Amino acid sequence: MTSSRASGVSRPSARAASGGFRCSGCGAESVRWAGRCVRCHEWGTLEAQTPAPRRGSPLGGGRGGGLGSAAAAASEVTAPAQSVIDVDVTAAQRRPTGVDELDRVLGGGLVPGAVILLAGEPGIGKSTLLLEVAARSAAGGSRALIVTGEESAAQVRLRAGRTGALHEDLWIAAETDLGALLRHVEQVCPALLVVDSVQTISAAGVEGAAGGVTQVREVAAVLIRTAKALGLATVLVGHVTKDGTVAGPRLLEHLVDVVLHFEGERHSMLRLVRAGKNRYGPADEIGCFEMDDAGIHGIADPSGLFLSRSGTGGVGAAVPGTCVTVTMEGRRPLVAEVQALVADSAAQVPRRAVSGLDPARVAMILAVVERRGGIRLGRSDVYTATVGGVRLAEPAADLATALAVVSAMRDRPLPADLITIGEVGLAGEVRAVGGVPRRLAAAARLGFRRALVPTGSLASGSGAGLVTGGEGHDPGGAQGRAGATRGDSAQARALRAVGEGDRAPRANHTGATSTEKTFEGMTVTEVPDLVAAITHMYKT
């Protein structure tokens, strides 16, 4: 009561509440009025909605009558129902866009009548990418129409001339009115429609300014109906909020067929198109692009962008504090490099800085390295980052992060041709991850010849030359018994060989042994835990 008065918001009458309330800022709905929206926390944005007219059940039992009621009679069947076997799919065949990386994300190309939402931050390259797609479509014999509400036609023409996206079947219109947009569609009859952006188009007779929840919902609904009726492939450009979500009502993402997120750092040439929803293909695929002065170009193998080393393939001179891993982005393996820097801290509370990795996960890995691996980090600043602006959110990069920190702490590089794959648990164990053979094959193509992977990642028949107990745990052998007699372990001796001053690692193994296998010319070592991995790194 007090907060609504202080903000100058008047409470609507209870009579208006029969239709509920909706926030004009974020679209949240509420059965009761409140001065402040519970979702976006804006004041005075809840508006009363007109209740829908009551209708009788079309199947009878209500006041509106049965099957012969006026409501049922007003609805006409547009097409008779068919058996799924008899439905003709020739009209829904995919049409390649001409941009291979985008086709990979879409599942092979554009489906006629599909509505795609492409969202990304300002200046990331959305308009440039779609201009290239429209030009390729026109060059392939499919007329394309770009309706821009953010630029003039002359500005788009200048960009098209700079990027080489000029074709007589590529049409451009600068409009912000929905009715004018639909008239352009009737006159041009395109096979591809690009609307840049949906937040700049407004519909006459609908309350609110362009970009508001009500306007975006109405514009999107009309464009989707038009696309389905004409079999017109439509791409809607969407803005994003500060937290990276699509601006406007959440309903927009539910209505469209495909939701694509265009990601990238402003200072980096790399751009990623990631599918968040796809009714016609995989929803876990990504496309890689490179942005330069001449436009945007697809990258078939972007792994070289994520490595700082130079040399044959991705293998070059090793540097302390670097470790290479292979992450899976959708179904595509990407070879990426993790870097770490450990320095003495002058502050009372050491600093932990992270770039391109999950900060919470890095903090957990540092705790495991110190507790289980016996590496003292409590008085050191630790900096971890990735190369090339790539973000590694997959747990398979845990082992690479841990070994990069150990390498930086001891100022001793890892082998230049080594990659590491595996998730690190709180007990220090290295857990299995999926797609290890595919990851190893991608690393082998770049010239890597050694790998550390979790135990059991490769089946017994995956390669020849199986060697067990080479450098792993030997709790039952003569060496293990001798170490136990002296109150020591092979892992503790190996870690102390790395450098004095570290405390002995905690015993976290379960008697499992490290094994060596060969896979496509690579020597693959399966390690059960972090201690075994560190031991293998610095074995003599």
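## Strand 20 and its partners

Strand 20 (450–454) is mostly covered in this predicted model, with four of its five residues buried. Here, buried means under 20% relative accessible area, exposed means over 50%, and partly exposed is anything in between, using a 1.4 Å probe and protein chains only. Helices (H or I, at least four residues) and strands (E, at least two) are DSSP runs, numbered from the N terminus. As for the ground rules, residues are numbered from 1 along each chain as its sequence is written, and side-chain values use heavy atoms, with hydrogens and water left out. Since the model is predicted, local features need pLDDT of at least 70 and side-chain atom pairs count only at pLDDT 80 or more, while totals for chains, interfaces and linings use all residues.

Strand 20 runs parallel to strand 17, and three bridges join them; I419 has A451 in strand 20 as its bridge partner. With strand 23, strand 20 also pairs in the parallel sense, over five bridges, and there L452 stands opposite T525. Two strands count as paired if DSSP finds at least two bridges between them. As background, strands of a sheet pair through backbone hydrogen bonds, either parallel or antiparallel.

## Helix 11

Helix 11 (residues 436–445) has seven of its ten residues buried, so the rest of the structure largely encloses it. The buried ones are V436, R439, L440, A441, A442, A443 and A444.

What do these buried residues of helix 11 pack against? The answer is a set of strands: strand 13 (322–329), strand 14, strand 17 (418–420), strand 20, strand 22 (515–519) and strand 23 (522–527). Contact, for this report, means heavy atoms within 4.5 Å. Just after helix 11, G447 takes a positive phi of about 100°.

The largest nonpolar core holds 44 residues, and V369, L399, L403 and L530 have the most contacts inside it. Strand 10 (270–278), strand 11 (286–292), strand 14 (332–344), helix 9 (359–371), helix 10 (398–410) and helix 14 (530–537) each supply at least two residues of this core. Helix 10 gives the most, with eight residues. Apart from this core lies another, of 34 residues, among them L102, L192, V194 and A233. A nonpolar core here is a set of buried Ala, Val, Leu, Ile, Met, Phe, Trp, Tyr and Cys residues joined through side-chain atoms within 4.5 Å.

V531 and E429 are 102 residues apart in sequence, yet 8.5 Å apart in space, C-alpha to C-alpha.

## The annotated binding site

UniProt, in an unreviewed entry, places the feature "binding site" at G120, E121, P122, G123, I124, G125, K126 and S127. Of these residues, G120 and E121 are included in the lining of the largest pocket. UniProt positions follow the numbering used here, feature names are shortened, and annotations may be inferred rather than shown by experiment. A pocket, on a 1 Å grid over the protein atoms alone, is an open set of points where a 1.4 Å probe fits, with protein on both sides within 12 Å along at least five of seven lines; lining residues have an atom within 4 Å of a point.

Are P122 and G125 buried or exposed? P122, in the loop between strand 4 (115–120) and helix 4 (126–139), counts as exposed at 60% relative accessibility. G125 is found in the loop between strand 4 and helix 4 too, but counts as buried at 10%. Beyond its neighbours within four places in sequence, G125 is in contact with F262 and M291.

## Q199 in its loop

Q199 sits in the loop between strand 7 (192–196) and helix 7 (213–230). Q199 is buried, with a relative accessible area of 7%. Not counting residues up to four places away in sequence, Q199 touches A210, G211, V216, V237, G238, H239 and A247. The Q199 side chain also reaches the backbone nitrogen of H239 at 3.2 Å.

Three strands form an open sheet in the order 2-1-3, with antiparallel pairing. Its edge strands are strand 2 (29–30) and strand 3 (46–48), each pairing on one side only. Strand 1 (residues 21–23) is joined to strand 2 by two bridges, and R22 has E29 in strand 2 as its bridge partner.

Terms used. Polar contact = N/O pair within 3.5 Å; in protein donor to acceptor, adjacent residues only side chain to side chain.
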